[in-house]
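Please look at the sequence and the structure first.

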Amino acid sequence: VGAAILGWAVFQGGRRLSIQGFFAATSVLLLFLAGGLVASGVGRLQGLGVLPAGDPLWDTSWLLDDQSTVGSLLAGLVGYRARPTALEVGGYVLYVVVAGTLFFPALVRRRARRASDVPEPAVNTQR
């Protein structure tokens, strides 16, 4: 009975849910999740000595430590680090920008189209 009620609720909610919006939102979430994996991988490579270690850019452990419950949840979801190095931040940002551009090409085209829609000043050709 519980499964039938849950199935009915999902079906009813799914009819009202925009599939395009759902997949866009989950795509953005996956993009940040993958960026966190890249930053975590860079941090591990730094720890192994493959990449040069660096000093932390900032320390937000006073606000939210990545060893706390919420911090570890954010670390797993979006790659939160309380004390990230420059290479970790650079890897995260580079991945999100490059993959976001490749993942959402329609947004890039739309922005390029808006930039090209700016009218050029009229040139007076009469003498």
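How many aromatic pairs does a search of the whole structure find? The search finds two. The model is predicted: local features need pLDDT of at least 70, side-chain atom pairs count only at pLDDT 80 or more, and totals for chains, interfaces and linings use all residues. Residues are numbered from 1 along each chain as its sequence is written, and side-chain values use heavy atoms, without hydrogens and water.

Rings of Phe, Tyr and Trp (its six-membered ring) pair if their centres lie within 6.5 Å; planes under 30 degrees apart count as stacked, over 60 as edge-to-face and the rest as tilted.

| Pair | Centre to centre | Angle of planes | Class |
|---|---|---|---|
| Phe 22 and Phe 23 | 5.2 Å | 75° | edge-to-face |
| Phe 103 and Phe 104 | 5.3 Å | 90° | edge-to-face |

Phe 23 is partly exposed at 48%, and Phe 103 is partly exposed at 48%.

Helix α2 (residues 19-48) has 30 residues. Helices are DSSP runs of H or I with at least four residues, numbered from the N terminus. From first to last C-alpha, α2 reaches 43 Å, close to the 44 Å expected at 1.5 Å a residue, where the expected span is 1.5 Å times one less than the number of residues. Buried residues of α2 include Ser 27, Leu 31, Gly 35 and Gln 46. Gly 49 follows α2 and has a positive phi, near 90°.

Terms used. Buried means under 20% relative accessible area, exposed over 50%, partly exposed in between (1.4 Å probe, protein chains only). Helices (H or I, at least four residues) and strands (E, at least two) are DSSP runs, numbered from the N terminus.
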